[in-house]
Amino acid sequence: MTNTTERRTPSYRMAIFFYAFMTVLVLLYSLPSIGVLLASLKSTAEISEVGVWTLPRSFDLTNYSEAWNGGSAGLYIRNSFFVTLPATILSISLGVLAGYTLCKLPFRGSNALFVFFVAGLFFPPQIALIPLFRLFNDLGLYDTLWALILIHVAFGIPICTLIMKNFFSAVPTAIREAGIIDGANEWQILTKLMLPLSLPALAVLATLQFTWIWNDFLWPVILIRSNEMRTVMVGLASMKGQYSVAYGVQSAMAVYASIPTLLVFVFFQRYFIRGLTFGSVKG
Amino acid sequence: MVKTRYRWIVLFLTPPLLIYLFFVVFPLLSSFYYSFTDWNGFAVDYNQIGFANFEKLFRDPLFGKALTNTVLWTVAAIVIPTGIGLTLALALHGRNFIGNLYKSLFYLPISLALAVIGQIWLWIYQPDWGLINTFVRAIGHPEWSTAWLAKPQYALLGVIIAWAWQQIALSMVIFLAGLTAIPQELIEAAEIDGANYWQRVRHVIIPLLAPASVVVIALAVINSLKSFDVLYVMTKGGPFHSSDNLAMFMYNESFQKYNMGYGSAIAVVLFMITLAVIVVYFRQSANAEHLYD
């Protein structure tokens with residue numbers, strides 16, 4: 001890799017110019033994120049006086065405590081975890097079942113069934129909004145976190161099936177055959193032989209699903225009404241009423257809402273990126 | 001033996017298939033059914049009204065506006081993130097640790113929620129101390145400052161830029177993966193033949209990036225059709241419906257005005273557009289497949 005760098009930037013001066021230019025670009029690109037951090041450390045008075053784009057006069061965490069105590073950040077974050085964790089685990093489990101069966105136990109029509117599963121990836125969820133609104137009302141699950149869990153499990157099946165099937169197709173079929181010779185049934189083969197090998201794929205899916213479900217906004221807007229059931233994204237959007245000009249408190253809430261996915265991003269970036277780039281490179 | 005095999009297939013496939021059918025496929029198709037009714041979201045009774053919703057839809061100027069904006073959004077989604085994402089990927093591909101740090105900083109918006117991104121960008125456009133107005137005042141043109149999102153001519157563009165901020169990062173990630181997959185010998189061969197950097201990019205790298213480009217463009221199109229969060233947070237489709245897209249228009253009709261039958265007709269139109277996109281996508285990705293064979 002280093003020799004390509006040298007070739008592309010023939011002189012020392014070119015390299016300096018390149019990095020200076022990229023630094024400016026990165027800074028510009030990061031300005032929105034920097035702004036929200038600055039605003040979260042400033043009082044409303046300070047913002048109205050000097051605006052957001054200066055360094056705060058003091059390191060003041062009042063906005064964070066206000067967002068936590070007055071803005072119920074704790075409640076919203078708890079709700080988000082209550083939806084995201086089970087939905088992530090369940091959608092991956094179902095994807096493992098479907099992906100394994102469609103890959104290692106092929107039958108007449110299994111390819112068509114795979115396409116049928118994956119097709120769900122393409123359709124905007126808005127198309128199913130009204131029927132699902134009605135369905136959850138009829139089931140008595142409107143305004144409960146269960147509705148959100150069910151939705152995310154169901155809408156996660158396409159991507160989980162796709163990635164798991166693709167992963168299992170790289171696992172030698174001989175492993176399954178060896179298991180059968182040893183007298184294992186399909187469940188034992190899947191859980192004892194295949195799953196330990198699938199940890200990278202499971203990590204990819206866990207990071208993707210966690211991030212998407214945590215960040216979802218549409219479904220809680222449609223299916224949740226009461227403040228006690230709000231997830232953190234809807235909680236953030238609904239703050240504008242109570243804290244209409246308290247930009248600092250809103251910023252603190254935005255930071256709270258982003259911390260879990262940012263942590264996933266920082267610690268599992270490799271898996272996250274692998275999931276995002278899935279399908280763009282052959283093999 | 002064969003019998004137990006089928007028993008396992010049924011056992012393993014039933015849970016995912018049932019949940020998928022019940023909560024995804026069946027609701028998706030039910031939208032067609034509701035689009036022929038005048039259901040208001042609450043009443044037990046409603047009427048079958050044939051194609052009345054669709055007739056109303058195609059005469060509704062708000063639908064025309066939302067459809068135009070959706071198309072504009074999709075075109076912008078194909079052009080902006082793809083172009084900038086590709087440029088950034090070419091600039092940062094194969095760099096040292098500083099390059100990797102920059103890559104991570106460019107990736108960052110991907111992990112942010114669009115609801116958060118909308119919130120952040122509200123403050124870029126904020127009239128009093130927003131970044132843009134602060135900037136134009138700083139360069140001595142206070143008369144250029146305005147309430148950007150309150151102006152019908154800027155609102156949609158403002159939201160699309162905020163959305164593209166994240167989409168650029170996504171495109172860049174995918175192009176970087178595509179660049180890594182290009183065999184180094186091909187680029188070196190072009191170099192030995194005397195091709196300069198631009199010629200190599202134009203005639204070797206970009207054609208070989210075709211599989212990644214298909215994915216980038218498909219994702220951009222699908223994400224633009226789905227886009228709702230950022231619009232909801234920033235303008236709610238306003239002012240005066242100037243930034244409505246189909247998803248927002250459908251939300252307003254269904255969940256603000258409770259015209260669920262009418263809203264379902266909008267959903268059906270969205271379904272048809274998506275279907276057209278899928279057909280094109282599978283054709284293109286089938287073409288791109290031949291590249292490495």
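**Close-up views of chain A: domains, partner chain and confidence**

**View 1. Domain 1 against domain 2 in chain A.** Zero salt bridges link domain 1 of chain A to domain 2 of chain A; a salt bridge is a side-chain nitrogen of Lys or Arg within 4 Å of a carboxyl oxygen of Asp or Glu. Two residue pairs, both at pLDDT 80 or more, are in polar contact between these domains. A polar contact is a pair of N or O atoms within 3.5 Å; within protein, one must be able to donate a hydrogen and the other to accept it, and residues adjacent in sequence count only if both atoms are side-chain atoms. On the domain 1 side, α2 (12-40), α3 (44-50) and α4 (62-69) of chain A each supply at least two residues. That side has five nonpolar, four polar and two charged residues. Here Ala, Val, Leu, Ile, Met, Phe, Trp, Tyr, Cys and Pro count as nonpolar, Asp, Glu, Lys and Arg as charged, and the others, Gly among them, as polar.

*Notes for every view.* This is a predicted model: local features need pLDDT of at least 70, side-chain atom pairs count only at pLDDT 80 or more, and totals for chains, interfaces and linings use all residues. Residues are numbered from 1 along each chain as its sequence is written, chains are lettered from A and ligands numbered from 1 in the order written, and side-chain values use heavy atoms, without hydrogens and water.

**View 2. Extent of the domain pair.** Chain A splits into domain 1 (2-66) and domain 2 (71-276), with bounds from an automatic or database domain assignment. Their C-alpha centres lie 32 Å apart. Contact (heavy atoms within 4.5 Å) joins 11 residues of domain 1 to 12 residues of domain 2. The two domains bury about 870 Å², 67% of it on carbon and sulfur atoms. Buried area is the accessible area (1.4 Å probe) that two parts lose on being put together, summed over both.

**View 3. Chain A against chain B.** In this interface, 93 residues of chain A contact 100 residues of chain B. The chains bury about 8,800 Å² between them, 76% of it on carbon and sulfur atoms. Polar contacts number 15 residue pairs, both residues at pLDDT 80 or more. Salt bridges number zero. Helix α2(A) gives the largest share of the chain A side, 11 residues. That side divides into 65 nonpolar, 20 polar and eight charged residues.

**View 4. Confidence along chain A.** Mean pLDDT (the predictor's confidence in each residue, from 0 to 100) is 88 for chain A, and 93% of the residues score at least 70. Helices (H or I, at least four residues) are DSSP runs, numbered from the N terminus. Over residues 1-6 of chain A, pLDDT stays under 50.
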